[in-house]
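Try each task before you read its solution.

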Amino acid sequence: MFNTTAWNRIRYGLYAPVYDLVAERAFRDARRRALDQVTWRPGMRVLLVGAGTGLDLPWLPRDVELQATDLSPAMVRRLERRAERLGRDVLAEAMDAERLLYPDDHFDVVVMHLILAVMPDPARGLAEAHRVLKEDGQLCVMDKFQADDRPAGLARRGLNAFTSAIATDITRQASPLLEQAGFVIEQDTPVMMGSLFRALLARPA
């Protein structure tokens, strides 16, 4: 299996210079719609996991405390430059989403956009999100998912061996992943390409 943490760190470092050309306009509306599902309050402590170059920043309230992580240092540097251009105060660090260096019950909101279909072990990443979220916290997910009511077929699984190495896993199912990690899904909204990309809002069970 080529989808490893070490390989993802390398490839996203290589993708960083051109990432915005591919992802900024394509996912703009999906990001905004996903973040609109969150119940925002002033002073919230918010963590962006797998934040990339910071493309979520324009759609986040200005009266919250922002921290951001990404596996790739090159992505983090670009996020910091975007935050400076936008006048946003963001504490950004290179960090593995499957091993978050934050205390338990620390954040009001955890945002995971376009990362669950990329990380080698999404169950572990969600377990970490659950750990660092407060008891009444909110998890905001936006990603591509296989339909919940049927597993990927043989052809899709075969294609996934290629896509997961260069881009993303195309076989993961949202509801089983979130529910097994101890979340209750409150909203589940198709946001792009029919129902392929979905925005989910969940809370710790």
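**Exercise 1.** Find the angle at which helix 1 and helix 3 pack, and list the residues that meet.

*Solution.* Step 1: Two packed helices are described by the angle between their axes and the distance between the axes. Step 2: For helix 1 and helix 3, the angle is about 30 degrees and the axes lie 7 Å apart. Axes here are lines fitted to C-alpha atoms, for helices over the stretch in contact, with angles running from 0 to 180 degrees between N-to-C directions. Helices (H or I, at least four residues) and strands (E, at least two) are DSSP runs, numbered from the N terminus. Step 3: From helix 1 come R9, Y12, G13, A16, P17, Y19 and D20, and they meet P73, A74, M75, R78 and R82 of helix 3; contact means heavy atoms within 4.5 Å. Step 4: Sorted by class, this contact has seven nonpolar, one polar and four charged residues. Ala, Val, Leu, Ile, Met, Phe, Trp, Tyr, Cys and Pro count as nonpolar, Asp, Glu, Lys and Arg as charged, and the others, Gly among them, as polar.

A note before you go on: this is a predicted model, so local features need pLDDT of at least 70 and side-chain atom pairs count only at pLDDT 80 or more, while totals for chains, interfaces and linings use all residues. Residues are numbered from 1 along each chain as its sequence is written, and side-chain values use heavy atoms, with hydrogens and water left out.

**Exercise 2.** Is T53 buried or exposed, and which residues is T53 in contact with?

*Solution.* Step 1: Locate T53 in the loop between strand 1 (45–49) and strand 2. Step 2: Its relative accessible area is 1%, so T53 is buried (buried means under 20% relative accessible area, exposed over 50%, partly exposed in between, with a 1.4 Å probe and protein chains only). Step 3: Setting aside neighbours within four places in sequence, T53 is in contact with Y19, D20, M75, R78, L79 and R82.

**Exercise 3.** Which residues touch the most other members of the largest nonpolar core?

*Solution.* Step 1: A nonpolar core is a set of buried Ala, Val, Leu, Ile, Met, Phe, Trp, Tyr and Cys residues joined through side-chain atoms within 4.5 Å. Step 2: The largest core has 37 residues, and V46, L48 and M142 touch the most other members. Step 3: Helix 3 (residues 73–86) gives the largest share of this core, five residues. Step 4: A second, separate core of 26 residues includes V110, I115, V141 and F145.

**Exercise 4.** Where does F107 lie, and which residues is F107 in contact with?

*Solution.* Step 1: F107 belongs to strand 4 (residues 107–113). Step 2: With a relative accessible area of 0%, F107 is buried. Step 3: Beyond its neighbours within four places in sequence, F107 is in contact with R45, V46, L47, Q67, Y102, V132, L133 and K134.
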